[in-house]
Amino acid sequence: MRRKYILWLAVIGLLASGCTTEQENVLVFGRGGDSVGLDPALESDGESFKVCDNLYETLVTYAEESTAIKPQLARSWTVSQDQLIWTFHLRTDVRFHDGTPFNAAAMLFSLGRQFLKDHPFYKKGIYLYWESMEMDAVVAAIAAPDDSTLVIHLRQPNAPFLANLAMNFCAAVSPTAVRKHGDEYPENPVGTGPFRFAEWRRDERIVLLRNEAYWGAAAKLDRLIFKPIYDASVRFLELRTGAIQGLDNLSPELIAEIEADPELRLQTQPGMNVGYLAMNMDRPPFDNRLVRLALNHAIDKDALIKSFYQGRALPAKNPIPPTLWGYNNAIEAYAYDPQRARDLLRQAGYADGFDTELWAMPVPRPYMPQPQKIAEVIQADLKKVGIRAKIVSWEWATYLAKVQNGEHPMALLGWIGDNGDPDNFLYVLLDKNAAVKPAQNIAFYRSDELHQILVEARRNTVQNERVALYHKAQEIVHRDVPWVPLVHTTQTAAFRRHVQDFKLHPTGSKWFHKVYFSP
Amino acid sequence: MHSFILRRCAQLVPTLLGISLLTFSMIHLVPGDPAQIMLGERADAASVAALRTEMGLDQPLYVQFYRFFVDLLHGDLGRSFRTHEKVTTAIAQRFPATFELTFFSMVLAILGGSGAGLIAAARRGKSADYASMIAATAGISLPIFWLGLMLILLLAVYLPIFPISGRQSPHIYFPPHTHFYLLDTLLDGNLGAFANVLWHLVLPTLTLATVPMAVIARMTRASLLEVLGEDYIRTAWSKGLGEKTILLRHAFKNAFIPALTVIALQFGYLLGGAIITENIFSWPGLGHWLFLAVQARDFRAVQGGVLLLATLFVLINLLADILYAWLDPRISYHK
């Protein structure tokens with residue numbers, strides 16, 4: 001009797017294992033959560049974009065390892081003298097995965113649904129990125145005079161606009177598919193990209209197949225599968241046993257193990273983000289530059305990085321990360337120097353220090369994995385120079401609402417860049433226009449000098465002139481010290497050794513069309 | 001009996017109404033605006049306002065509840081804020097995963113738990129008793145996530161017998177008609193996939209079964225010991241009946257009634273409380289989904305999920321009540 005059971009178990013095991021052997025040319029990528037939806041204009045989470053990156057394409061895209069802009073669905077473009085009319089010349093050899101030809105009308109459909117009130121698929125409040133990138137203030141009208149020409153009229157000259165067009169929300173979606181599926185389109189995506197959609201089982205897997213009719217160089221993988229594996233250690237074990245071939249968002253404590261395993265390969269790249277401590281300049285004593293400067297000398301960033309980032313972060317000296325063009329590397333970071341901090345406080349009239357509050361997020365963020373512990377270390381650093389800070393925390397949504405309302409003396413926060421343009425950090429976080437409550441500029445830093453430069457850099461489309469303007473902007477911020485810029489974290493991914501040609505991108509995009517398995 | 005069942009089912013209506021009102025008010029009392037959470041760092045005033053309008057959050061609470069209730073009567077639970085899915089579809093896809101896992105865990109827990117309790121009671125004070133009760137105490141006190149990870153390390157990594165996570169291997173394809181994968185694979189006639197799905201169930205089932213198994217074991221032992229001391233058992237002994245007959249036919253049937261209550265409660269808990277197990281094994285079930293929904297203040301998803309769980313809880317307990325009467329003729333629901 002017992003022997004019979006054992007035999008049955010063996011049969012099931014054999015059948016089961018026969019189905020689990022790794023298949024050739026299929027890559028399973030493990031990640032912390034599932035996508036929300038696969039309509040690139042609707043989504044706002046990284047796990048959705050990760051899949052969209054491989055399904056969809058945009059008029060222009062980013063270079064392989066930088067945020068420089070290059071053509072994709074548009075072969076080329078011209079800008080009128082007054083910088084207001086952008087004419088894109090589109091490819092004519094592209095079809096959507098469902099066979100619908102890609103043309104200017106399709107592109108107009110994809111962009112138009114996000115802002116044209118009479119568009120059948122327009123709905124206020126659902127196209128989050130169009131709104132948060134303030135596209136309504138930039139784009140006046142779009143026209144498709146013929147199949148291969150798309151003309152975009154701007155309300156005002158706006159250089160970062162081109163970088164916005166490279167973002168997921170500006171991707172081309174098949175009008176046929178959107179009309180056919182309506183509200184269910186995010187689960188039935190149809191783009192022009194190197195992979196096409198095959199199956200989505202929520203919380204389980206998303207399966208993409210190679211687009212055999214792709215206009216460019218075809219993808220090398222037959223199949224690409226995204227699998228959510230919630231627990232970071234379990235995700236790592238799946239990689240180690242070879243059940244998956246790649247993963248991202250490693251927890252820092254696993255990095256040493258991956259580096260030690262000859263079967264695995266770790267990939268890292270400085271991410272497009274910043275974690276910072278904002279001092280509320282509307283509240284004394286932070287209206288005093290000397291006090292703000294003292295704080296910049298009082299916090300030991302290297303120690304923070306060593307303790308909480310396992311070295312996988314760069315100390316920040318500017319509000320923008322070094323992966324962005326326009327980064328001013330000539331700026332000299334304020335050194336960790338408690339004595340200097342004490343001197344500055346004395347000069348400012350706070351020889352005995354002062355009591356204040358340090359606000360910290362309740363949830364880990366990509367730029368700050370353990371905000372509460374980081375706050376404790378900063379608290380200890382500040383105590384050394386005489387500043388007695390009490391740590392304050394709120395539930396995440398409340399925290400955001402309160403800091404945007406300026407209720408904090410000092411607050412930890414950060415930013416993850418969207419389009420790879422310095423404007424997306426500097427204007428959004430530090431311009432005086434962003435200091436209107438509810439504010440993104442939570443230092444409530446208002447500088448007319450900076451404002452003029454940032455506005456000029458928005459208008460100017462000559463790249464090297466923009467670089468010079470942003471260099472100047474960083475000098476001003478460095479002088480006025482509204483923040484203690486803390487860190488830029490590194491993004492990480494790990495693969496089985498035989499997975500080749502995957503490149504991390506500063507924007508966090510995950511492109512798999514060049515990836516292949518070495519023998 | 002029929003009127004009893006009908007009456008109990010009718011009681012469901014006010015119960016569920018109360019539960020939905022309670023869930024609704026609780027989730028609205030907890031701080032955290034879903035629009036703000038969704039937008040995070042980039043939550044500027046205009047986007048938050050537009051999103052709140054889109055979600056219907058700008059309406060007064062009573063209007064929101066009224067709408068929710070009217071939709072509910074039409075069988076429509078709305079769309080999840082977090083994933084844009086229809087809540088009914090989301091539940092229909094995820095509940096089967098949780099049910100398969102819970103069902104097998106309960107079968108294992110009942111068989112293992114009552115078996116261990118029976119042996120412990122029959123061998124009271126002997127080594128078998130101590131062994132099974134130590135195991136039961138350990139089973140209750142072990143942290144589930146630790147146990148799950150240890151099982152993975154032992155039986156999936158060092159001894160690669162079972163898969164680490166998920167409901168099936170990523171390479172397996174079959175049409176998910178019902179989302180009960182064991183059934184779907186059979187309907188598809190795909191025995192390899194069936195075995196694969198079954199194989200994936202083993203470690204999460206073991207993990208999830210541990211606590212209820214231990215609870216049932218202790219409960220069975222305690223109530224069996226009580227029953228064994230009763231007069232009718234002494235009569236049975238004096239009649240010269242064998243130990244097996246006395247234990248199984250006379251004592252166990254009566255002793256099982258209190259255990260049944262525990263089983264029903266545990267079953268109910270597991271359906272909604274498999275969160276940790278689902279999390280470790282990346283099991284695409286209802287528990288993990290609800291957990292994320294609560295975090296995101298995804299009102300509609302939470303309401304839908306809680307309503308379903310409450311209904312199941314009530315139904316399972318009704319089933320237990322019916323089983324009482326069947327097991328013990330002294331219990332009658334006639335007036």
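Q: In E7(A), which residue is the bridge partner of A:Ile142?
A: In this predicted model, whose local features need pLDDT of at least 70 and whose side-chain atom pairs need 80 or more, while totals for chains, interfaces and linings use all residues, A:Ile152 of E7(A) is that partner. Residues are numbered from 1 along each chain as its sequence is written, with chains lettered from A and ligands numbered from 1 in the order of writing.

Q: Why are E4 and E6 of chain A said to stand at the edges?
A: The open sheet has four strands in the order E4-E5-E7-E6, with antiparallel pairing. E4 (74-79) and E6 each have a single partner strand, so one side of each is left without a neighbour in the sheet. The twist averages 20° from one strand to the next, where axes are lines fitted to C-alpha atoms, for helices over the stretch in contact, and angles run from 0 to 180 degrees between N-to-C directions.

Q: What makes A:Phe109 and other residues of H3(A) buried?
A: A residue is buried if 20 or more other C-beta atoms, placed from the backbone, lie within 10 Å of its own, exposed if 12 or fewer, and partly exposed in between. In H3(A) (104-112), A:Ala104, A:Ala106, A:Met107, A:Phe109, A:Ser110 and A:Leu111 are buried. They pack against E5 (85-90), E6 (139-146), E7 (149-154) and H6 (175-181) of chain A. The helix H3(A) lies across E5, E6 and E7, running at about 160° to E6(A).

Q: Why does A:Thr92 count as exposed?
A: A:Thr92 has 12 C-beta neighbours inside 10 Å, and therefore counts as exposed. This residue lies in the loop between E5 and H3 of chain A. Apart from neighbours within four places in sequence, A:Thr92 is in contact (C-beta atoms within 7 Å) with A:Asp147 and A:Ser148.

Q: What makes E15(A), H12(A) and E16(A) a right-handed unit?
A: A crossover is right-handed if, with the strands pointing away from the viewer, the path from the first strand over the helix to the second runs clockwise. E15 (354-359), H12 (371-384) and E16 (387-392) of chain A form such a β-α-β unit. E15(A) and E16(A) pair in the parallel sense over six bridges, and A:Trp359 has A:Val392 as its bridge partner in E16(A).

Q: What makes a set of residues a nonpolar core, and how many belong to the largest one?
A: The set must consist of buried Ala, Val, Leu, Ile, Met, Phe, Trp, Tyr and Cys residues joined through C-beta atoms within 7 Å. The largest has 234 residues, with A:Leu277, A:Ala278 and B:Ile216 among those with the most contacts inside it. H9(B) gives the most, with 20 residues.

Q: What is the make-up, by class, of the side of chain B that touches chain A?
A: In all, 50 residues of chain B are in contact with 48 of chain A. Helices supplying at least two residues each include H5 (87-122) and H9 (191-228) of chain B. This side has 26 nonpolar, 16 polar and eight charged residues; Ala, Val, Leu, Ile, Met, Phe, Trp, Tyr, Cys and Pro count as nonpolar, Asp, Glu, Lys and Arg as charged, and the others, Gly among them, as polar.

Definitions and conventions:
Contact = placed C-beta atoms within 7 Å. Pairing = 2+ DSSP bridges.
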